[in-house]
Amino acid sequence: RTLAELDADLTECRACPRLVEWREHVAATKRAAYADETYWGRPVPGFGPSDAALVIVGLAPAAHGANRTGRMFTGDRSGDVLYQALYDVGLASQPTATHARDGLELYGTRITSPVHCAPPANKPTPAERDTCGGWLAEELDLLAPSMRSIVVLGAFGWQALLPVLARAGWEVPRPRPTFGHAAYVELAGPAPLHLVGCYHVSQQNTFTGRLTPAMLRDVLTRAKGLAGL
Ligand code: SF4
């Protein structure tokens, strides 16, 4: 199937009972500030072109962010930080992402995650990560002809991604490379692939200054160059 077909099929997935229950519970109960909105309440597919050279891998949709708007990192504080930085380095058409039809475009960049449904407390279980890994594996396989670099936001994404890449034919060293901010690995495989680690854009990191806008821009600029963008 094509990437568009994969994205469409993904939105029908109900493979993880705990996450299905949570995403739908959040969508039915809502946050007061969004009481007038219809929440998406389903799996959130990757966002960006099917021939992306740079891929950004996060963690999972936020309950009142992507689980509400239906688009990755759209409508929450993490997304505010990420899209501002993507715009600043020339990878996004606008610095804000408020809802799925706000006209935002990504240039040569696709954003996805190892878990596509909002988890309670932002913590998927290892079993949920492994179940959803099948979607990520197929997505990366479809992106492989154009994909040259990946920015991984946070240790969860890093640990989820490496086995998926190994399954898809990239040579992942043993012991596995460890996650860190600005950690860098080049993997041989279907095409050489550059991995760059980055602290997650969660409020825990951005409000405390652990991840500053300049640090995020530096990682994105490096990955953009490695991707040939
Ligand atoms: Fe399906 Fe992934 Fe959602 Fe689990 S997390 S229900 S595998 S889309």
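Which residue in E3 is the bridge partner of valine 57? Select valine 57 and valine 152: valine 152 is the partner.

Before moving on, two notes. Residues are numbered from 1 along each chain as its sequence is written. The model is predicted: local features need pLDDT of at least 70, side-chain atom pairs count only at pLDDT 80 or more, and totals for chains, interfaces and linings use all residues. Helices (H or I, at least four residues) and strands (E, at least two) are DSSP runs, numbered from the N terminus.

**Stop 1: the sheet**

Select E1 (residues 54-57) and E3 (residues 149-153). They pair in the parallel sense over four bridges. Strands count as paired if DSSP finds at least two bridges between them. Now show the whole sheet. It is open, has five strands in the order E2-E1-E3-E5-E4, and its pairing is mixed. E2 (109-112) and E4 stand at the edges with a single partner strand each, so one side of each lacks a neighbour in the sheet. From one strand to the next, the twist averages 20 degrees. Angles run from 0 to 180 degrees between N-to-C directions, and axes are lines fitted to C-alpha atoms, for helices over the stretch in contact.

**Stop 2**

Select E4 (residues 184-187) and E5 (residues 193-198). These strands run antiparallel, joined by four bridges. Tyrosine 184 has valine 196 in E5 as its bridge partner.

**Stop 3: two helices**

Select H4 (residues 77-88) and H8 (residues 213-226). Their axes come within 9 Å and cross at roughly 55 degrees. H4 and H8 are therefore oblique to each other (under 35 degrees is roughly parallel, over 145 roughly antiparallel, 65 to 115 roughly perpendicular, the rest oblique). Show Val81, Ala85, Leu86 and Asp88 in H4; they meet Pro213, Leu216, Arg217 and Leu220 in H8. Contact requires C-beta atoms, placed from the backbone, within 7 Å. Six residues of this contact are nonpolar, none polar and two charged. Here Ala, Val, Leu, Ile, Met, Phe, Trp, Tyr, Cys and Pro count as nonpolar, Asp, Glu, Lys and Arg as charged, and the others, Gly among them, as polar.

**Stop 4: the ligand**

Select the ligand. 15 residues surround it, the closest being Cys13, Cys16, Pro43, Cys117 and Cys132. A residue is near if its C-beta atom, placed from the backbone, lies within 6 Å. Next, colour H2 (17-29) and H5 (126-143): each supplies at least two residues of the shell. H5 gives the largest share, four residues. The shell divides into 11 nonpolar, two polar and two charged residues.

Conventions:
Two residues are in contact if their C-beta atoms, placed from the backbone, lie within 7 Å.
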